[in-house]
Amino acid sequence: MEFGERLRELRKKYGYTQTELAEMANVTKSVISFYEHKERAASPEVLKRFAEIFNVSTDFLLGIEKENKNIIDVSGLSPKEIEAVQIIVDSMKVGKRL
């Protein structure tokens, strides 16, 4: 799967319109359309923004690595809630090492 297809798949998975994603990535809606139709390649900076928005690696976006199914989706949680999830995960990792 190529970048444009992967971007469209992630955008739809998260329920974003092209306009919403464009606003989050600080680009225009037409740029998102160009990416999804493989008419333009994303700059490294924009690629990094997409990785942050979707909580994936840039390698995943580029098709270099497969999606890590062990990622916990924390979108929609507050920073305090995300911190609480991280504490729980870290405490479980520590417990496994003992």
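The side chains of Glu5 and Lys38 form a salt bridge, with N and O 3.9 Å apart. A salt bridge here is a side-chain nitrogen of Lys or Arg within 4 Å of a carboxyl oxygen of Asp or Glu, and by this rule there are three salt bridges. The structure is a predicted model, in which local features need pLDDT of at least 70, side-chain atom pairs count only at pLDDT 80 or more, and totals for chains, interfaces and linings use all residues. Residues are numbered from 1 along each chain as its sequence is written, and side-chain values use heavy atoms, leaving out hydrogens and water. Side chains of opposite charge can pair when their charged atoms come close.

**Glu5 and Lys38**

- Glu5 lies in helix 1 (residues 3-13), while Lys38 lies in the loop between helix 3 (29-36) and helix 4 (44-54).
- The two residues are 33 residues apart, and the pair links distant parts of the chain.
- Helices are DSSP runs of H or I with at least four residues, numbered from the N terminus.
- Glu5 counts as partly exposed because its relative accessibility is 32%.
- Lys38 is also partly exposed, as its relative accessible area is 47%.
- For these terms, buried means under 20% relative accessible area, exposed means over 50%, and partly exposed is in between (1.4 Å probe, protein chains only).

**Glu36 and Arg8**

- Glu36 and Arg8 form a salt bridge in which the closest N and O atoms are 3.6 Å apart.
- This pair links distant parts of the chain, with Glu36 in helix 3 and Arg8 in helix 1, 28 residues apart.
- Arg8 has a relative accessible area of 24%, so this residue is partly exposed.

**Glu36 and Arg11**

- A salt bridge also joins the side chains of Glu36 and Arg11, at 2.6 Å from N to O.
- Here the partners are 25 residues apart, Glu36 in helix 3 and Arg11 in helix 1, and they too link distant parts of the chain.
- Arg11 is buried because its relative accessible area is 9%.
- Arg8, Arg11 and Glu36 belong to one network, joined by salt bridges that share partners.

**Surroundings of Glu36**

- Glu36 has a relative accessible area of 2% and is therefore buried.
- Leaving aside residues up to four places away in sequence, Glu36 touches Gly4, Leu7, Arg8, Arg11 and Gln18.
- Contact means heavy atoms within 4.5 Å.
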